[in-house]
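Me: Hello! I am new to this structure and would like to walk through a few of its residues and helices with you. Could you show it to me?

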Amino acid sequence: ASLIALDFDRMEAAARLVAHALAVSPSHPEACMAAASIAMSTQDHAGARTLLGRVTAEHPHQARGWSMLGFLGIVEG
């Protein structure tokens, strides 16, 4: 649900959904990716990298996590 909120540019709703999901399951891949998107939107690249590192390490089949990590590398230059 947090990724859907992001897709509709509803950052506050996404942040609330992320907080709830991560409280229940700290390595939930979709919630971590949504949290990383929120972190990138506030220029918190280190936080985003930590979250995406968790996704790619624990859920390597999640292609969106890998693509976000690649995009972050481009953004960081």
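**A first look at residues and helices**

Reply: Happy to! Ala13 is buried, with a relative accessible area of 13%. Please keep in mind that this is a predicted model.

Me: How far apart in space are Ala13 and Met68, C-alpha to C-alpha?

Reply: In sequence, Ala13 and Met68 are 55 residues apart. In space, their C-alpha to C-alpha separation is 21 Å.

Me: Is Ser2 buried or exposed?

Reply: Ser2 lies in helix α1, residues 2–7. Among the residues Ser2 touches, not counting those up to four places away in sequence, are Leu17, Val18 and Ala34. The relative accessible area of Ser2 is 7% and buried means under 20%, so Ser2 is buried.

Me: Is α3 roughly parallel or roughly antiparallel to α4?

Reply: Helix α3 (residues 29–41) packs with helix α4 (residues 45–58) at an angle of about 160 degrees, and their axes are 8 Å apart. Angles over 145 degrees count as roughly antiparallel. Therefore, the relation of α3 to α4 is roughly antiparallel.

Me: How many residues of the contact of α3 with α4 are nonpolar?

Reply: On the α3 side, the contact includes Pro29, Cys32 and Met33, while α4 brings Gly47, Leu51 and Arg54, among others. One residue of this contact is polar and one is charged. The nonpolar ones number 11.

How values were computed. Residues numbered from 1 in each chain as written. Predicted model: local features only at pLDDT ≥ 70, side-chain atom pairs only at ≥ 80, totals over all residues. Heavy atoms only, no water. Helix = DSSP H or I, 4+ residues; strand = E, 2+ residues; numbered from the N terminus. Buried < 20%, exposed > 50% of the residue type's maximum accessible area, 1.4 Å probe, protein only. Contact = heavy atoms within 4.5 Å. Axes fitted to C-alpha atoms, helices over the stretch in contact; angles between N-to-C directions. Parallel < 35°, antiparallel > 145°, perpendicular 65-115°, else oblique. Nonpolar A, V, L, I, M, F, W, Y, C, P; charged D, E, K, R; others polar.
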